[in-house]
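The sequence and the structure are shown below.

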Amino acid sequence: MARFVWGADPLALQRLGQPERKCPLSVPELARLGIPARKIPRVQAELARLAADGAVPRAALPALARRIARQLL
């Protein structure tokens with residue numbers, strides 16, 4: 001059991017059973033930022049996770065979305 005817990009994302013396990021948060025940026029907004037359509041769902045998932053914590057200000061989300069998209073294949 002300990003191997004499973006340490007091998008998984010502890011934050012993801014912490015959020016089990018909680019409602020999924022929505023991404024603060026819509027699909028058209030992400031497309032305007034130049035993010036390819038195939039990467040938008042994953043970028044939205046990451047932004048929703050980060051925005052749920054409240055640590056990232058809304059003004060920083062577009063630049064963060066571009067950085068996330070660059071990291072994805």
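This is a predicted model: local features need pLDDT of at least 70, side-chain atom pairs count only at pLDDT 80 or more; totals for chains, interfaces and linings use all residues.

Helix α4 covers residues 40–53. Just after α4, Gly-54 adopts a positive phi of about 80°.

Five residues of α4 are buried, namely Ile-40, Val-43, Glu-46, Leu-47 and Ala-48. The cover over these buried residues includes α3 and α5. Beyond its neighbours within four places in sequence, Ile-40 has contacts with Val-27, Leu-30, Ala-31 and Ile-35.

## Overall architecture

The protein contains five helices and zero strands, and its elements follow the order α-α-α-α-α from the N terminus on. Of its 73 residues, 19% count as buried.

Among contacts with a separation of 6 or more, 54% are accounted for by residues 24 or more positions apart. Gly-34 belongs to the loop between α3 and α4 and is exposed, with a relative accessible area of 56%.

In soluble globular proteins, nonpolar side chains tend to be buried together. Here the largest nonpolar core has twelve residues: Cys-23, Leu-25, Leu-30, Ile-35, Ile-40, Val-43, Leu-47, Ala-48, Leu-61, Ala-65, Ile-68 and Ala-69. Helices α4 (40–53) and α5 (61–71) each supply at least two residues of this core.

## The two sides of helix α5

Within α5, the buried residues are Leu-61, Ala-65, Ile-68 and Ala-69. These residues lie on the same side of α5 because they cover an arc of only 100° around the axis. An α-helix has 3.6 residues a turn, so residues three or four places apart point the same way.

The buried residues of α5 are covered by elements including α3 (27–32) and α4. On the other side of α5, the exposed residues are Arg-67, Arg-70 and Gln-71.

## Salt bridges

Side chains of opposite charge can pair when their charged atoms come close. A search of the whole structure gives three salt bridges. One of them joins the side chains of Glu-29 and Arg-58, with an N to O distance of 4.0 Å. Since Glu-29 lies in helix α3 and Arg-58 in the loop between α4 and α5, this pair ties together parts that are 29 residues apart in sequence. Both partners are partly exposed: Glu-29 has a relative accessibility of 26%, and Arg-58 has one of 47%.

Arg-42, Glu-46 and Arg-49 are linked in a network of salt bridges. In the bridge between Arg-42 and Glu-46, the closest N and O atoms are 3.0 Å apart; these two residues both lie in helix α4, four residues apart, which is about one turn of the helix. The side chains of Arg-49 and Glu-46 also meet in a salt bridge, at 3.0 Å from N to O. Arg-49 and Glu-46 are three residues apart in helix α4 and are therefore separated by about one helical turn.

How accessible are Arg-42, Glu-46 and Arg-49? Arg-42 is partly exposed, with a relative accessible area of 45%. Arg-49 likewise counts as partly exposed, at 29% relative accessibility. Glu-46 has a relative accessible area of 16% and is buried, the limit for that class being under 20%.

Definitions and conventions:
Residues are numbered from 1 along each chain as its sequence is written. Side-chain values use heavy atoms; hydrogens and water are left out. Buried means under 20% relative accessible area, exposed over 50%, partly exposed in between (1.4 Å probe, protein chains only). Contact means heavy atoms within 4.5 Å. A nonpolar core is a set of buried Ala, Val, Leu, Ile, Met, Phe, Trp, Tyr and Cys residues joined through side-chain atoms within 4.5 Å. The arc is that of the directions from the helix axis to the C-beta atoms.
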